[in-house]
Amino acid sequence: MEWIIGAFGTLSGFVISYLTSQRNRDKDIKSGAAESATESAVVRTKLDAIGQGVDSIRIDLKANEKQMVHLGERVTRVEESTKQAHKRIDSIRKDV
């Protein structure tokens, strides 16, 4: 009769241990999923911020390109004007 009580106690211990481990595993899975969702949201937020930064850089780059084209045109006009001025100066020197 004592061995039946011992076997029942051992079996009860196994069942309780198994149920406890299942319960803890479910809690771990739920907390892991919650952490994963939070981390995912943080990553998405950071990626959005990076995307906005890249867009801002593109806009600035286009504005700089337009300024460079404008400056290139102005330099060309100044060079042409300078060339004409040098020709006039040279013709004045020959006359003198």
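L19 is exposed, with a relative accessible area of 52%; exposed means over 50%, buried under 20% and partly exposed in between, with a 1.4 Å probe and protein chains only. The model is predicted, so local features need pLDDT of at least 70 and side-chain atom pairs pLDDT 80 or more, while totals for chains, interfaces and linings use all residues. Residues are numbered from 1 along each chain as its sequence is written, and side-chain values use heavy atoms, without hydrogens and water.

**Fold and overall shape**
- The protein has 1 helix and 0 strands; helices (H or I, at least four residues) and strands (E, at least two) are DSSP runs, numbered from the N terminus.
- Helix α1 covers residues 2-95 and contains L19.
- The C-alpha atoms fill a box of roughly 140 × 15 × 10 Å along the principal axes.
- I92 and E73 are 19 residues apart in sequence, and their C-alpha atoms are 29 Å apart in space.

**Surface**
- Of the 96 residues, 0% count as buried.
- I92 lies in helix α1 and is exposed, with a relative accessible area of 53%.
- The protein exposes about 9000 Å², of which carbon and sulfur atoms supply 62%; accessible areas come from the Shrake-Rupley method with a 1.4 Å probe, and for residues only the protein chains shown count as cover.

**Charge**
- There are 16 positive and 14 negative side chains, and the centres of the two sets lie 7 Å apart.
- Lys and Arg count as positive and Asp and Glu as negative, whereas His and the chain ends are not counted; each charge is placed at NZ of Lys, CZ of Arg, CG of Asp or CD of Glu.
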